[in-house]
Amino acid sequence: MKIKVLGSSAGGGFPQWNCNCRNCDGVRKRTLKAIPRTQSSIAISETGRDWLLVNASPDILAQIAANPELQPARRPRDSGIAAVLTIDAQIDHVTGLLMLRERDTPLPLYVTDPVWQDLSTGFPVTSILAHYCGVERHRIALDGQALSVPALPNVRIDALPLTSKAPPYSPHREAPERGDNIGLVFTDTVSDRRVFYAPGLGAIEPHVYEAMSNADLILVDGTLWTDDEMIRLGLSKKTGADMGHLAQSGAGGMIEVLDSIDRPGARKVLIHINNTNPILVEDGPERRILAEHGIEVASDGMSFEL
Ligand code: MLT
Ligand code: MN
Ligand code: ZN
């Protein structure tokens, strides 16, 4: 199976339009060794022809343009995106659905029930799309049954419920439901190799740790280096924990978690990186620390074959 990183940044992107933090200012003025990144999305395929889009980022159109394999040009109107799955109802993962409205058939969309609820109420993307291509709803049931998507017959998809929060506009923001946020395990049933993907991961629960430990590619929450990073920079009042993101450094942080996993040959890659995170500076000390721990940092266009 093939995995393509379309967008490796967290919500806001890098640089973020209104941000003049050290990273955003430095990448804009090219005074920092760092590369721009678009917002959170990956695509997965068996043959490289038909793709499952996992998260539909606000930057989807630029991402399609940057990845010609998503436009195989078989017909006058065509796309390599066969279906979409979103792991939550957050702006950075669902806004791109609106950009796919010119399809001539309903868009196959795989989401959990609480995410469907948010996408038809708090952020009614599916109701809006009903006036264009429409949406073909596929339920992610979280009943332990693996999911399969017709375009990827040899890929098994297991969804893991994560403890986190629904978006601020969700009608049940203050009453979290199972399925507000999920992590995913993709298994290539031919090669028996596995990918773990969770761009938002606030706590490493036992079922999550088990899935991470058994993966050959771990694509995991790289949002913040320190839990209070955005507060210290005066940019937000929220900690990483408040937002459902486990920071990399410190006791119990993501570096420690990844260090405890020693599956031979497994790659550990941070994804969904916030623009304030010092790991974006390629010749910086935090990046050296990650390298010492065998941890990579995702960038747009990065691809994997398993
Ligand atoms: C998050 O991952 O915490 C959200 O995407 C943040 C946002 O989009 O503002
Ligand atoms: Mn996000
Ligand atoms: Zn910034």
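1. Some housekeeping. This is a predicted model, where local features need pLDDT of at least 70 and side-chain atom pairs count only at pLDDT 80 or more, while totals for chains, interfaces and linings use all residues. Residues are numbered from 1 along each chain as its sequence is written, chains are lettered from A and ligands numbered from 1 in the order in which they are written, and side-chain values use heavy atoms, with hydrogens and water left out.

2. Now the largest pocket itself. A pocket here is an open set of points on a 1 Å grid over the protein atoms alone, where a 1.4 Å probe fits, with protein on both sides within 12 Å along at least five of seven lines; lining residues have an atom within 4 Å of a point. This one holds about 910 Å³, the volume being the space filled by probe spheres set on the points. Its lining runs to 38 residues, with Gly-11, Gln-90, Asp-92, Met-243 and His-245 nearest the centre.

3. Which helices each supply at least two residues of that lining? They are H3 (91-94) and H8 (240-243), helices being DSSP runs (H or I) of at least four residues, numbered from the N terminus. H3 gives the largest share, three residues.

4. Ligand 1 takes up the space of this largest pocket (more than half of its atoms lie within 2 Å of the grid points). Around the ligand are Gly-11, Gln-90, Asp-92, His-245 and His-272, each with a heavy atom within 4 Å. That shell has no nonpolar residues, four polar and one charged.

5. Look at the polar contacts, meaning pairs of N or O atoms within 3.5 Å. Oxygen atoms of ligand 1 lie 2.8 Å from a polar side-chain atom of His-245, 3.0 Å from one of Asp-92 and 3.2 Å from one of His-272. Taken alone, ligand 1 exposes 260 Å², and the protein buries 66% of that (Shrake-Rupley method, 1.4 Å probe).

6. Arg-77, Asp-78, Ser-79, Glu-102 and Arg-103 lie nearest its centre, among 21 lining residues. Helix H2 (60-66) and strand S4 (81-85) each give two or more of them (a strand is an E run of at least two residues). The lining comes to nine nonpolar, four polar and eight charged residues.

Note on methods: A polar contact is a pair of N or O atoms within 3.5 Å; within protein, one must be able to donate a hydrogen and the other to accept it, and residues adjacent in sequence count only if both atoms are side-chain atoms. Ala, Val, Leu, Ile, Met, Phe, Trp, Tyr, Cys and Pro count as nonpolar, Asp, Glu, Lys and Arg as charged, and the others, Gly among them, as polar.
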